[in-house]
Amino acid sequence: MEYKLISIDESGKASYNHPSNLFILSAVIIPENIKNKIDHQLRKIKIKYFNDENIIFHSRDMSRRKGDFKIFENTKIENNFYGDFISIVNNPKINLSFIITDKIKTKKVGWLPKTILQKSYLLLLQNFADYLRLTKSKGKIIVESDPSQDFYLIQAHNSLQSTGVKKTNISNYEYRHLITSLSLVNKENLDSDIQIADALAHVVGIKFKAEVLKKKEILSKIDLLKIKLINRKLKNQKSGSYIEYLL
C-alpha cells in the first residue's frame, strides 16, 4: 500500500496570553514516494535565490522580509521566488489541510487552551484517517515539535488508537493499521513538507479573516497568489485538501 505523510505546523498559539486571535493547524499531505522530489525542487529554488540549500522557510520572516528574506524587499525577486514556490506546491499530489479556531469565540464559550489543542488535533487526525481509508493508503504523521503542544497531539493519536473514529466507523484496529507512526521533528530536520505547511499557515488566516470574519484588508500580490493556490486545491473534490472551522 502507498504511504502518505501528513506534515503539521501551526500559526498562532492556543494560549489566550498569545496575541493571535486565531489558532491554525496547517498540514501538507503528500505520497511518501515524492518527498525526495519535492525536497530537491525546494533546494533548487533555495540555492537560486539564497545561495543556501539549507535555508529554512519561516512564514513570519518571509512575510515581514526579515533576516535571510530581506531580499524580498526587491519586488521582482519576491515575485519570481513565489512564482517558483507556487509552481512546486501546485503539484496535484500535494494536498493542503487546515483546521482554524477563532479564539475570541472559544474564550466566550469557556474553552481552555488545552481544549483548543485537543479538538484541533483530534479533528485533523480523524480527517487524515478518513482520507487514508478512501485512498486505500497507509499514513505517517510528522509534526513541527512544540513541547507545550506535543502532549495533546500524542493524546489525540493514542485516543484514536484506542477508540477509532466513531463518526465514520473506523475501528481502533483499522486506525492502527491506517496510521503507523508519529514523528516529532524541529526545523533543523529540514523537512520540505513541514516548511510548505509553515509558509502557507499565515495566509490561510488572512483568507479566513477576509471571507468568514469579513474583515477588509489590503492584500499583497503575494498573499493573493497564495490564496489563489489554496482555492485551487480546495476546488478538487477528490483531493484531501480542505479547510475546517473548529468553532
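Reader: Let's start with threonine 101. Is that residue buried or exposed?
Author: This is a predicted model, and in it threonine 101 counts as buried because its relative accessibility is 0%, where buried means under 20%.

Reader: Okay, and where is the place of threonine 101?
Author: Threonine 101 sits in strand β3, which covers residues 95-102.

Reader: What is threonine 101 in contact with, leaving aside neighbours within four places in sequence?
Author: With those neighbours left out, threonine 101 is in contact with Asn21, Leu22, Phe23, Thr106, Ile116, Ser120 and Leu246.

Reader: Now lysine 103. Where does that one lie?
Author: Lysine 103 belongs to helix α4, residues 103-108.

Reader: Which side chain of opposite charge is nearest to lysine 103?
Author: That is aspartate 102, but it is 8.9 Å away. Lysine 103 is buried and yet has no salt bridge.

Reader: So what does the side chain of lysine 103 reach?
Author: The backbone oxygen of serine 15, at 2.8 Å. Not counting residues up to four places away in sequence, lysine 103 also touches several others, including Tyr16, His18, Asn21 and Phe23.

Reader: Switching topic: in what order do the six strands form the sheet?
Author: The order is β5-β4-β1-β2-β3-β6, in an open sheet with mixed pairing. Its edge strands, each pairing on one side only, are β5 (179-185) and β6 (242-245). From one strand to the next, the twist averages 20 degrees.

Reader: What holds paired strands in a sheet, in general?
Author: Strands of a sheet pair through backbone hydrogen bonds, and they do so either parallel or antiparallel.

Reader: In which sense do β1 and β2 pair, then?
Author: Antiparallel: β1 (residues 3-11) and β2 (residues 22-31) pair that way over eight bridges. As one example, isoleucine 6 has isoleucine 29 in β2 as its bridge partner.

Reader: And which strands does helix α6 touch where it packs on the sheet?
Author: Helix α6 (residues 150-163) touches β4 (138-144) and β5. The direction of α6 makes about 175 degrees with that of β5.

Reader: How far apart are the C-alpha atoms of isoleucine 8 and valine 28?
Author: They are separated by 6.7 Å, while the two residues are 20 residues apart along the chain.

Reader: What about asparagine 80 and tyrosine 16, C-alpha to C-alpha?
Author: That pair is 38 Å apart in space and 64 residues apart in sequence. Asparagine 80 is found in helix α3 (residues 75-89), and it is partly exposed, with a relative accessible area of 38%.

Reader: Where does lysine 214 lie?
Author: Lysine 214 is in the loop between α8 (192-211) and α9 (221-235). Its phi is positive too, about 60 degrees, although lysine 214 is not a glycine. With a relative accessible area of 62%, lysine 214 is exposed.

Conventions. Residues numbered from 1 in each chain as written. Predicted model: local features only at pLDDT ≥ 70, side-chain atom pairs only at ≥ 80, totals over all residues. Heavy atoms only, no water. Helix = DSSP H or I, 4+ residues; strand = E, 2+ residues; numbered from the N terminus. Buried < 20%, exposed > 50% of the residue type's maximum accessible area, 1.4 Å probe, protein only. Lys, Arg positive; Asp, Glu negative; His and termini not counted. Salt bridge = Lys/Arg side-chain N within 4 Å of Asp/Glu carboxyl O. Polar contact = N/O pair within 3.5 Å; in protein donor to acceptor, adjacent residues only side chain to side chain. Contact = heavy atoms within 4.5 Å. Pairing = 2+ DSSP bridges. Axes fitted to C-alpha atoms, helices over the stretch in contact; angles between N-to-C directions.
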